[in-house]
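Thanks for coming, everyone. Please take a look at the structure on the screen, and then I'll walk you through a few places in it.

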Amino acid sequence: MYILNRQQRHFVNSSWMIISLLLVTLLPFFLFFGLYLKSAYLLHDQSIFDLIFSKTWKPASGQFGFYPFIVGSIWVTLLAMLFTAPVCLLTAIYVTQYTRKIVLRIMHPAIDILAGIPSVVYGLWGILVIVPFISKYLGPLFGIKTMGYSILAAAFVLSIMIIPFILNILIEIFRSIPMELKEAALSLGATQWQTIKQVILKKALPGIIAAFGFGLARAFGETMAVLMVVGNVVKLPGNIFDPGYTLPALIANNYGEMLSIPRYDSALMFAAFLLLAVSLFFNLIMHFFIVKYNKY
Amino acid sequence: MTRGQKIEERFFKVLMVLSTFFILAILAIIIYSIFEKGIRSVSWEMLTKIPSGGYYYGKGGGILNAILGSLALASGATVIAFFVGLPVALYINVFLIRHKKIVGMVRFLLDLVWGIPSIVYGAFGFTLMIFLGLQTSLLAGTITVALFILPIMIRSIDEILRTAPIGLQEASYSLGSNKSETAFRILTRQSVSGIITAILLSFGRAIGDAASVLFTAGYTDHLPNGLLEPVATLPLSIFFQLASPVPEVQNRAYASALVLTLIILLVSLFSRGLGKRYHKTKINF
């Protein structure tokens with residue numbers, strides 16, 4: 001067997017590294033163009049504007065209106081953020097500013113476990129606990145008859161799934177605020193809460209916005225758990241107890257039949273393309289908030 | 001401090017304690033309900049047999065196909081992601097260490113890719129699969145999941161390599177080794193337990209994700225005989241069994257969820273233990 005000498009080994013190893021690096025940096029472009037090319041058939045006869053704002057979804061007759069799915073996705077995502085944002089912010093402040101290190105040491109594994117539980121298991125938990133809770137207690141409380149499979153159920157499950165994600169970023173941000181800043185405020189006679197409200201929160205604001213933005217992008221693309229509890233009905237939801245449909249759920253639910261109806265696969269790839277675009281856009285913007293935060 | 005300020009401070013402090021407890025309580029409730037439901041239906045037969053005829057009407061059999069399928073798929077994907085990811089992480093920490101701007105760009109790009117939802121990878125994997133003329137198979141699923149966990153793998157290894165002191169690299173150069181030797185022999189060895197943690201983290205992600213394999217891995221009641229055959233996965237088996245109207249089949253979905261959750265908890269526990277050891281062997285320059 002021929003054994004490589006040092007120079008040759010260096011060459012092989014370096015090329016292996018560079019090829020891998022190229023592959024990885026090109027991956028987002030591959031994703032973008034791959035999905036764009038697939039959805040181009042659909043964009044050929046309908047403008048992007050038509051597709052996004054048309055309300056009729058009849059794949060069999062070639063009508064693809066994504067409006068109900070987009071609205072459903074936005075409702076679920078925003079509602080989930082509404083639930084999760086205050087809880088995460090308060091918890092992050094509490095564990096970084098008020099308590100001893102021991103609480104953080106308990107919270108870290110808890111956050112890890114929450115982050116590790118798979119999406120399907122969250123969905124199953126939603127069906128077991130949240131859906132019956134909404135149909136038996138919460139719906140009747142507001143005088144609404146509901147199956148439980150609803151925008152609200154999806155938003156609630158989703159809000160728990162993104163807690164670890166947002167909380168981790170928030171804790172990092174609050175911990176990176178210099179101690180001197182806090183000490184200066186306290187030495188001027190501010191109370192702990194005044195310091196938090198007027199110094200720490202102001203300093204951390206771009207970071208907090210970024211954390212919520214990353215969470216939002218995460219929530220928008222979440223598939224399985226939402227698919228299992230959202231109800232999957234193609235119509236514009238009237239209230240949060242109505243069932244809805246989201247873009248990721250649309251893709252996941254119809255992959256089986258997409259090759260049997262003309263243009264259907266193209267429509268689903270367009271949905272994936274939209275998700276990709278939203279995710280890239282949000283992450284890009286939030287990245288600038290993080291850069292801004294680090295500059296101060 | 002006025003009375004109003006005092007009340008405000010109290011009020012927010014109570015809210016903070018409540019939200020912290022809320023998070024811990026929700027975690028406890030989730031774990032409890034998964035265990036409580038799952039433990040009743042889990043049996044030896046379920047773990048060691050593949051589905052027999054009529055399994056989906058409540059007859060005998062188990063989910064061995066999904067357990068082994070998931071393990072095979074996740075291991076394959078982790079191996080691929082490792083062999084592409086490790087050199088990338090090494091390259092930006094050894095070759096590009098003086099080019100802060102380029103490294104920043106690469107990290108930024110990786111964070112972008114990390115944020116892309118797994119269903120998009122699934123759709124892309126499907127497109128790729130058709131393009132390459134493949135069927136839904138273990139191979140197609142493995143490649144898709146490998147792409148999905150690649151940014152996670154690279155960024156986790158990268159975070160570990162960043163903590164290695166630069167003096168280590170300088171010492172290696174001063175003894176006459178070149179850059180690739182420094183990367184693969186010195187830096188990798190120094191960070192080995194951190195790298196194992198990164199591998200376990202990626203494995204945990206790979207085994208739990210359903211959206212990316214939905215299009216590409218297919219589903220089957222048998223064990224695959226080769227790379228080009230469809231394969232069952234645990235998350236999908238939970239999903240399909242749960243959709244059944246038969247109560248026995250639904251109970252098996254709960255049991256499958258327990259199995260999946262246990263695998264992931266074990267992996268995460270294991271990697272946590274390793275992370276602790278890594279901190280112990282830290283060297284100082």
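Let's start at Ser52(B). Ser52(B) sits in a loop of chain B, between α2 (44-48) and α3 (64-94). One word before I go on: this is a predicted model.

Is Ser52(B) buried or exposed? Ser52(B) counts as exposed, because it has 12 C-beta neighbours inside 10 Å, and the cut-off for exposed is 12 or fewer. What does Ser52(B) touch, leaving out residues up to four places away in sequence? The answer is Lys59(B), Gly60(B) and Gly61(B). Now find Phe11(B). Phe11(B) and Ser52(B) are 41 residues apart along the chain. Their C-alpha atoms are separated by 59 Å.

Now to another spot in chain B. Thr144(B) belongs to helix α6, residues 138-162. Thr144(B) has 27 C-beta neighbours inside 10 Å, so it counts as buried. The cut-off for buried is 20 or more.

Next, where the two chains meet. Chain B gives 64 residues to the contact, and chain A gives 62 residues. Which helix of chain B supplies the largest share of the side that touches chain A? That is helix α1, residues 3-41, with 18 residues. By class, the chain B side has 45 nonpolar residues, 13 polar and six charged.

Let's zoom in on one pair of helices there. Helix α5 of chain A, residues 119-141, meets α1(B). Their axes come within 10 Å and cross at roughly 80°. That is why α5(A) and α1(B) count as roughly perpendicular to each other; the range for that label is 65 to 115 degrees. Which residues meet? From α5(A), we have Val121(A), Trp125(A), Leu128(A) and Val129(A). From α1(B), we have Ile30(B), Ser33(B), Ile34(B) and Lys37(B). The residues of this contact divide into six nonpolar, one polar and one charged.

On to chain A as a whole. How many helices and strands does chain A have? The count is 12 helices and two strands. The C-alpha trace of chain A spans about 80 × 70 × 40 Å along its principal axes. Chain A has 296 residues, and 46% of them are buried. Now take contacts in chain A between residues at least 6 apart in sequence. Of these, 74% join residues at least 24 apart.

One residue in chain A deserves a stop: Asn232(A). Asn232(A) is in the loop between α10 (224-229) and α11 (247-254). Its phi is near 55°, a positive value in a residue other than glycine. Asn232(A) is partly exposed, because 18 other C-beta atoms lie within 10 Å.

Last, confidence. The average pLDDT of chain A is 88, and 99% of the residues score at least 70. Which elements of chain A have the lowest and the highest mean pLDDT? The lowest is helix α2, residues 48-53, at 80. The highest is helix α6, residues 151-161, at 94.

Technical notes:
Residues are numbered from 1 along each chain as its sequence is written. Chains are lettered from A and ligands numbered from 1 in the order in which they are written. This is a predicted model: local features need pLDDT of at least 70, side-chain atom pairs count only at pLDDT 80 or more; totals for chains, interfaces and linings use all residues. Helices (H or I, at least four residues) and strands (E, at least two) are DSSP runs, numbered from the N terminus. Two residues are in contact if their C-beta atoms, placed from the backbone, lie within 7 Å. Ala, Val, Leu, Ile, Met, Phe, Trp, Tyr, Cys and Pro count as nonpolar, Asp, Glu, Lys and Arg as charged, and the others, Gly among them, as polar. pLDDT is the predictor's confidence in each residue, from 0 to 100. Axes are lines fitted to C-alpha atoms, for helices over the stretch in contact, and angles run from 0 to 180 degrees between N-to-C directions. Angles under 35 degrees count as roughly parallel, over 145 as roughly antiparallel, 65 to 115 as roughly perpendicular and the rest as oblique.
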